[in-house]
Amino acid sequence: MSQFAVLALLFTGEALAQGAAYSQCGGQGWSGATTCVSGYTCVKQNDYYSQCIPGTASTTVATTTRVTSTTTSKATTTQTTSSAPASTTLSTSTTTRPVSTTLLTTTRTSATTSASATPSGGSGSGAWSSAYSKAKIALAKLSNADKIKIVTGVGWTKGPCVGNTGAVSSIGYPSLCLQDGPLGVRYVQGVTAFPAGVQAASTWDTGLIYSRGNALGAEAKGVGVHVQLGPVAGPLGKNAAGGRNWEGFAADPYLTGIAMAQTISGMQAAGVQACAKHYIGNEQEKNRETMSSSIDDRTVHELYLWPFADAVKANVASVMCSYNKLNGTYACEDDKALNGLLKSELNFQGYVMSDWNAQHSTNAAANSGLDMSMPGTDFNGQNVYYGQALLNSISSGAVPQSRLDDMVTRILASWYFVGQDSGYPSVTWSSWNGGTGAPSVSGTHSTVARQIARDGIVLLKNSNKALPLSKPASIALIGQDAIVNPGGANACKDRGCNTGTLAMGWGSGTADFPYLIAPADAIKKQASSDGTKVILSTTDDTTAAASAASQAATAIVFITADAGEEYIVVEGAAGDRLDLNPWHSGNALVTAVANANKNTIVVVHSVGPVILETILALPNVQAVVWAGIPGQESGNGLTDILYGSTSPSGKLPYTIAKSASDYGTSISSGDDNFSEGLYIDYRHFDKAGITPRYEFGFGLSYTTFDYSGLTLLYTDKTSGSSTVAPGGVSGLYDTVATVTAVVANNGTVTGAEVAQLYIGLPSSAPASPPKQLRGFQKVSVASGASATVTFNLRRKDLSYWDVGSQAWKVPSGTFNVYVGASSRDIRLTGSL
């Protein structure tokens with residue numbers, strides 16, 4: 001949410017001499033280039049959009065094509081199976097509303113004209129049938145004035161929650177309470193401050209991710225929140241310095257999509273409505289409310305829309321549109337993004353809400369698919385775009401009555417879908433008076449918080465078996481990141497400072513700590529039990545650090561890198577990081593410690609990648625522990641790893657480079673044309689042949705694992721069902737191939753390994769990343785034992801988005817299969 005909330009989606013449309021690959025090259029109102037670079041031709045997709053696509057053949061947008069087949073081909077279980085048949089295509093169109101989704105529209109519906117296209121109404125398909133039946137019965141009892149209450153927020157600070165709608169007593173519908181956020185209930189006392197999304201992703205543990213979501217949902221419901229504003233799929237993390245990457249999961253659409261689905265399923269099973277945000281393409285905080293993102297159609301589908309598709313498949317109740325523009329049109333009034341991609345192609349059955357103050361019109365927003373206006377005003381109580389303004393538009397016909405009815409139906413259906421129509425707790429607190437008065441809802445959730453804090457830790461370096469610690473005679477704990485902020489864990493509003501240990505970033509995606517276990521707190525407790533002397537230096541002063549380090553057998557030095565939302569500026573950073581260096585001269589601090597102690601261990605609390613070259617060049621740095629953004633149980637989770645009660649099992653959800661320039665992307669000072677296309681994070685490093693410092697998926701253990709026994713079975717080479725259901729064409733989610741391998745623990749302690757599967761598309765596919773994550777499984781294996789890991793590949797996992805046919809296509813030929821411990825530590829290879 002704006003000043004207290006969201007990101008910005010951005011899809012630029014800059015006029016160039018010639019249009020780049022997959023860029024816009026024509027359409028009504030287009031004033032940019034009308035020719036394309038060599039090898040690409042400007043092809044009309046509809047009256048509003050033409051695009052530079054490969055070759056010279058004309059392209060027709062698919063609308064109602066259906067490809068079906070009943071034949072199934074099975075291969076034997078061997079290292080290599082037969083090649084795929086000729087490529088198969090799954091149309092993503094629907095018969096409800098033909099729509100081109102080549103790129104998000106550049107045209108804006110006038111606020112004074114009626115809708116030019118039939119908005120996509122919710123159908124109640126799939127698991128939504130009963131909820132829609134109830135919603136339509138309730139709808140029939142409502143006046144238009146009642147309906148306007150349901151779709152319009154009451155205004156900023158005009159209710160107890162950050163977002164509130166009007167109540168309608170005739171159908172027993174309450175004032176809906178919408179509240180941040182993705183790691184805990186914001187502005188409420190006594191709730192759990194969970195590890196951030198990126199820490200959950202670092203566990204690569206789907207069970208823990210679900211448990212975290214379920215605990216989040218249970219606490220939100222317990223304090224009367226109807227809609228919890230999370231989880232986060234945007235930003236995806238194309239910019240390593242992006243301010244809000246830590247709120248989301250990973251710089252990979254597959255891992256993020258799985259994490260979204262697990263989190264949403266957990267939250268909604270607990271009875272709260274989840275909200276997938278920020279839709280779509282918001283990858284930075286700078287200029288988020290004015291910049292425009294221009295993303296080519298294939299990249300939209302294969303990267304940025306992918307995790308939202310998984311969210312819709314998981315029946316997410318709501319989606320939040322973002323601040324930014326898409327090809328010059330605000331995301332919250334972009335017809336193609338909302339009605340086209342989300343409601344038609346993905347068959348989204350829930351409702352779209354605006355980010356806080358991200359709405360800029362009445363008619364354009366309503367006709368383009370915005371269902372709920374949040375918070376109903378701007379932050380000054382002005383700019384009411386729904387309310388009476390929408391009622392007037394209904395009366396004049398500028399917005400059809402059917403559109404208002406669809407808005408209300410979607411919102412009511414989501415309310416019924418998660419069972420909030422009976423016995424739901426009421427709100428007994430206010431966001432604006434300290435959040436006191438809520439019931440105790442945390443229960444045993446500190447256990448889940450500690451598990452994720454622990455299992456999300458990534459061991460990057462461990463020379464000479466420096467870890468785990470075994471009752472050292474003395475230990476120095478150095479750096480202000482070792483302790484809680486002396487002013488208190490919640491001293492800075494919305495965590496808007498980097499003082500004391502870093503356990504969450506800053507902004508609207510935060511929650512108040514009920515308590516915070518700092519590293520020094522937990523380590524001192526363990527040291528006391530072991531009889532270890534502890535020397536403290538809890539500032540970032542290098543002289544004091546060197547003195548403390550020189551007195552101890554082992555020195556642990558703590559450094560940080562922080563980021564957050566643009567409405568708070570911390571040490572010169574307005575959300576996005578200024579660079580990828582450790583904060584507070586962290587390199588100098590580590591250097592001072594390492595020069596004074598030959599057994600130096602570095603612990604990093606960071607929102608994202610940090611350049612570690614200076615630190616790794618120091619010969620006395622024996623171990624580097626990536627502790628992430630761990631929440632309230634920070635110190636306990638860290639101590640579990642440092643002392644070896646649990647072997648580290650976290651894996652990086654992004655790449656750590658040797659130089660910031662190696663990423664090939666950076667924060668844009670204006671609009672962003674996403675020229676890197678599909679090649680972000682490890683996809684870019686692989687394509688460009690750049691060696692990272694630590695690759696995506698990397699993480700060490702206190703034990704070692706062997707991989708063997710690869711089997712591959714391609715069981716279904718048909719095109720699958722073309723029926724459209726939540727998530728898109730249902731056939732995309734069929735399991736069509738299965739890969740297995742055996743993971744053996746040949747070390748001396750029990751450990752958990754994350755086996756990862758990557759796919760390389762056949763040569764018949766258009767240019768693609770060399771390999772892409774398409775499966776993972778975490779298994780705990782005792783010393784000397786082994787376990788079989790199984791990867792079920794969906795049809796979508798073997799497909800690419802074909803721009804010409806506007807459909808997912810399984811390419812013909814041989815798929816390369818890579819199974820290993822990271823994106824570069826490949827242990828087994830085969831083919832399908």
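Let's start with one cysteine. C275 has a relative accessibility of 0%, so this residue counts as buried.

A word of caution before we go on. This is a predicted model. Every value here is computed from that model.

Now the overall picture. The protein has 832 residues, and 65% of them are buried. Its secondary structure comes to 18 helices and 30 strands. Next, the contacts.

Next topic: disulfides. How many disulfides does the count come to? The count is three. Let's take them in turn.

Here is the pair C161 and C177. They form a disulfide, with sulfur atoms 2.0 Å apart. This pair links distant parts of the chain, 16 residues apart. C161 sits in the loop between helix 2 (144–151) and strand 5 (163–164). C177 sits in strand 6, residues 177–179. Is this disulfide left-handed or right-handed? The torsion about the S-S bond of C161 and C177 is about -105 degrees, so the disulfide is left-handed. Check the burial too. C161 has 1% relative accessibility, so C161 counts as buried. C177 has a relative accessible area of 2% and is buried as well.

Now back to C321. Its disulfide partner is C332, and the two sulfur atoms are 2.0 Å apart. Again, the pair links distant parts of the chain, here eleven residues apart. C321 is in strand 10, residues 318–321. C332 is in the loop between strand 12 (329–330) and helix 8 (335–345). The S-S torsion of C321 and C332 is about 110 degrees, so this disulfide is right-handed. C321 is buried, at a relative accessible area of 0%. C332 is buried too, at 2%.

One more pair: C492 and C497. They form a disulfide, and their sulfur atoms are 2.0 Å apart. The torsion about their S-S bond is about 95 degrees, so this disulfide is right-handed. Both C492 and C497 are buried.

On to charges. Side chains of opposite charge can pair when their charged atoms come close. How many salt bridges does the count come to here? The count is 30. I will show a few.

Start with E565 and R288. They form a salt bridge, and their closest N and O atoms are 2.9 Å apart. Where are they in the chain? E565 lies in the loop between strand 17 (554–561) and helix 15 (586–596). R288 lies in the loop between strand 8 (273–279) and strand 9 (292–293). So the pair ties together parts that are 277 residues apart in sequence. E565 and R288 are both buried.

Next, R403 and D371. This is a salt bridge with its closest N and O atoms 2.7 Å apart. The pair links distant parts of the chain, 32 residues apart. R403 is in helix 11, residues 401–417. D371 is in the loop between helix 9 (363–368) and helix 10 (388–396). Are these two buried or exposed? R403 has 2% relative accessibility, so R403 counts as buried. D371 is buried, with a relative accessible area of 0%.

Then D802 and K809. Their side chains meet in a salt bridge, at 3.8 Å from N to O. D802 and K809 are both buried. Salt bridges can also share partners. That is how R244, E247, E285, R288, E565 and E566 are joined into one network.

Last stop: a pair of strands. Strand 15 covers residues 474–478, and strand 16 covers residues 533–537. In which sense do they pair? They pair in the parallel sense, over five bridges. The chain gets from strand 15 to strand 16 through helix 13, residues 519–530. This β-α-β crossover is right-handed.

Notes
Residues are numbered from 1 along each chain as its sequence is written. This is a predicted model: local features need pLDDT of at least 70, side-chain atom pairs count only at pLDDT 80 or more; totals for chains, interfaces and linings use all residues. Side-chain values use heavy atoms; hydrogens and water are left out. Two strands pair if DSSP finds at least two bridges between them. Helices (H or I, at least four residues) and strands (E, at least two) are DSSP runs, numbered from the N terminus. A crossover is right-handed if, with the strands pointing away from the viewer, the path from the first strand over the helix to the second runs clockwise. A disulfide is a pair of cysteine sulfur atoms within 2.5 Å. Buried means under 20% relative accessible area, exposed over 50%, partly exposed in between (1.4 Å probe, protein chains only). A salt bridge is a side-chain nitrogen of Lys or Arg within 4 Å of a carboxyl oxygen of Asp or Glu.
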